[in-house]
Amino acid sequence: MSPTHYLVLSAILFTIGGIGVLVRRNAIVVFMCVELMLNATNLAFVSFARMHGNLDGQIIAFFVMVVAAAEVVVGLAILMTIFRTRRSSSVDDANLLKY
Amino acid sequence: MNVTGVLAQNDIPAPHIEYGDVAPLLVVFGVAVLGVLVEAFVGRGWRYRVQVPLAFLGLVAAFGWTIALAARERPPHLVAAEGALGVDGPTLFLWGTIAVLALVSLLLIAERDQSHFTAQASALPGSEAEQETMAAGFVQTEVYPLMMFAVGGMMMFPASNDLLTMFVALEVLSLPLYLLCGLARRRRLLSQEAAVKYFLLGAFSSAFFLYGAALLYGFAGSVRLSDIATAISRNTGDETLLLAGVALLSVGLLFKLGAVPFHMWKPDVYQGAPTPITALMASCTLVSAFGAMLRVFYVALENLRWDWRPAIWAVAILTMVVGAVIAITQTDVKRMLAYSSIAHAGFLLTGLVATTTAGLSGTLFYLAAYGFTTIGAFAVITMVRDAGGEAAHLSRWAGLGKRSPLVAGTFAFFLLAFAGIPLTSGFTGKFAVFSAAVEGGATPLVVVGVLASAVAAFFYVRVIVVMFFSDPEPDGPAVVVAPTTVAAVALGLAATVVLGVLPQPVLDLAGQAAGQLFVR
């Protein structure tokens with residue numbers, strides 16, 4: 001199967017993630033959509049590595065996974081704090097700062 | 001067979017790291033790690049007394065080492081750490097600038113008389129637990145290692161010589177900042193909201209950055225900036241991948257700068273975050289993000305100039321105009337300075353569009369000058385306080401000039417520097433950037449820039465009028481003088497005056513740094 005198919009899949013996943021960030025209200029789901037975008041990126045890196053025949057892309061995918069894990073730690077801590085304060089994880093409720 | 005045997009058999013070369021040339025980075029990260037250990041092993045009462053000198057010494061050492069590198073007979077101009085970092089003139093200039101600006105911010109962060117940070121971030125706002133921790137005098141000393149990690153990431157970001165290192169540096173600088181934004185002592189709901197917004201939008205934009213990097217990897221077969229440049233000049237590979245990759249990568253970088261239309265996080269985060277952290281973000285993060293932007297566009301994408309220049313033109317014009325116009329309507333001083341920072345990002349982008357050595361050196365000088373002024377301005381904001389903490393609403397500042405003429409005068413001077421009045425550093429910086437842009441053939445951009453500066457001058461002067469020409473309220477805010485904050489204001493003021501009256505030494509320094517060009 002040609003690697004191009006995987007690239008198309010990665011673009012579709014990235015788009016789904018991007019749309020999810022824009023339309024979903026729950027902060028956790030928004031964050032999961034960002035993670036989906038990062039995973040789509042990994043797929044793109046690995047497919048390109050296959051197409052170019054070098055290992056750079058595969059190594060990069062590992063780095064991205066580690067960074068994404070670190071981001072989860074920080075992100076969930078922040079979302080947890082605001083949830084405990086407001087009893088809501090909707091991004092629409094956090095509306096004190098505007099204009 | 002043991003591990004060394006396997007390695008010897010397959011002959012994997014050990015990576016070669018130029019420790020001497022990347023030492024400033026290593027020192028900062030080392031101190032950050034030490035800070036984490038201090039949190040784990042030192043008793044609560046001693047942590048503050050250990051953390052602050054540690055962070056201070058780390059930054060001084062990093063700055064000293066950078067100076068020593070730059071003062072060598074042959075300053076380093078090499079790709080270090082197996083191609084991950086480019087150590088060259090602009091890198092050293094930016095490292096020095098970031099280290100000094102972080103030192104001045106540290107003075108604000110370490111303020112003990114008027115702590116800006118929550119006693120315990122996990123205690124709910126308004127709860128009994130919060131009152132107890134406040135009464136017990138707890139301080140969240142994790143702030144210092146977090147700040148050092150952020151500063152390390154900021155120093156790594158503009159030095160990154162490949163897109164992977166750049167992505168890791170971007171996250172290393174962003175993740176601690178997300179947390180620091182949520183740690184304000186007062187108005188904690190605003191602070192937490194700022195942290196959530198910054199985090200979600202920051203993660204969103206770094207996903208764009210990374211997908212751009214993936215597409216450029218698909219185009220060039222490597223993420224190293226010089227390889228991308230070679231692939232562009234050879235015109236091999238798929239141009240669609242290249243253009244889409246550059247666009248997505250730029251989204252990530254422009255977000256960090258706060259350029260319009262990726263600016264919406266900036267006012268919210270600057271307003272909600274603890275003011276010392278706002279000062280750190282407004283100065284060091286801007287310097288770092290702009291350095292990275294310069295490196296990507298000058299090294300990797302120089303041969304693609306004719307494609308990206310129109311887009312950056314449009315972004316620069318939008319950024320200057322939107323930043324200056326929306327700032328007029330603001331009633332919160334911190335929020336107003338956030339919009340002013342957006343407008344300044346637009347002025348800086350005119351230096352990028354120039355794509356000449358003069359543009360590079362002008363941008364470097366502007367970054368240093370603006371960084372000092374902005375830290376000074378935010379330091380003044382931390383001093384004007386009433387019962388609820390900082391009195392950030394503009395109406396509360398009415399008549400401050402009659403009550404505390406010195407503080408109000410200092411703030412007025414910073415505002416004039418933002419506006420770019422001659423004999424302040426703001427004028428020299430703007431002049432350097434705009435003249436380079438004219439030489440680089442971007443005259444219409446400069447015309448827009450000057451008009452936007454005029455609009456911006458209006459709201460700066462409005463604040464001065466409010467401070468000096470209206471009567472003070474009877475219950476107005478008082479000026480709280482705390483020693484290290486005063487030191488930060490004094491340093492910001494001194495730099496603003498010196499870079500305005502005698503800019504030549506620093507201009508020469510920036511010129512030399514830019515003259516060396518980016519290493520490839």
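Select chain A and chain B together: in this predicted model, 45 residues of chain A are in contact with 45 residues of chain B. Between them the two chains bury about 3,700 Å², and 78% of that area lies on carbon and sulfur atoms. Next, pick out A:Phe48, A:Ile78 and A:Leu97, which supply 19% of the area that chain A buries against chain B, more than any other three residues.

Now look for charged pairs. One salt bridge is found across the interface of chain A and chain B. To see this bridge, select A:Arg86 and B:Glu193, whose closest N and O atoms are 3.4 Å apart. Polar contacts across the interface of chain A and chain B come to 13 residue pairs, both residues at pLDDT 80 or more.

Stay on the side of chain A that touches chain B and color the helices. The elements that give two or more residues to this side are α1 (3-23), α2 (27-52) and α3 (56-86) of chain A. Of these, α3(A) makes the largest share, with 17 residues. By type, the residues on this side of chain A divide into 30 nonpolar, 10 polar and 5 charged.

Finish with the cysteines. How many disulfides are there over all chains? The count is 0. Is B:Cys181 buried or exposed? B:Cys181 is buried, with a relative accessible area of 0%. Move to A:Cys33, which also counts as buried, at 12% relative accessibility.

Notes: Residues numbered from 1 in each chain as written. Chains lettered and ligands numbered in written order. Predicted model: local features only at pLDDT ≥ 70, side-chain atom pairs only at ≥ 80, totals over all residues. Heavy atoms only, no water. Disulfide = S-S within 2.5 Å. Buried < 20%, exposed > 50% of the residue type's maximum accessible area, 1.4 Å probe, protein only. Contact = heavy atoms within 4.5 Å. Buried area = accessible area lost by both parts, 1.4 Å probe. Salt bridge = Lys/Arg side-chain N within 4 Å of Asp/Glu carboxyl O. Polar contact = N/O pair within 3.5 Å; in protein donor to acceptor, adjacent residues only side chain to side chain. Helix = DSSP H or I, 4+ residues; strand = E, 2+ residues; numbered from the N terminus. Nonpolar A, V, L, I, M, F, W, Y, C, P; charged D, E, K, R; others polar.
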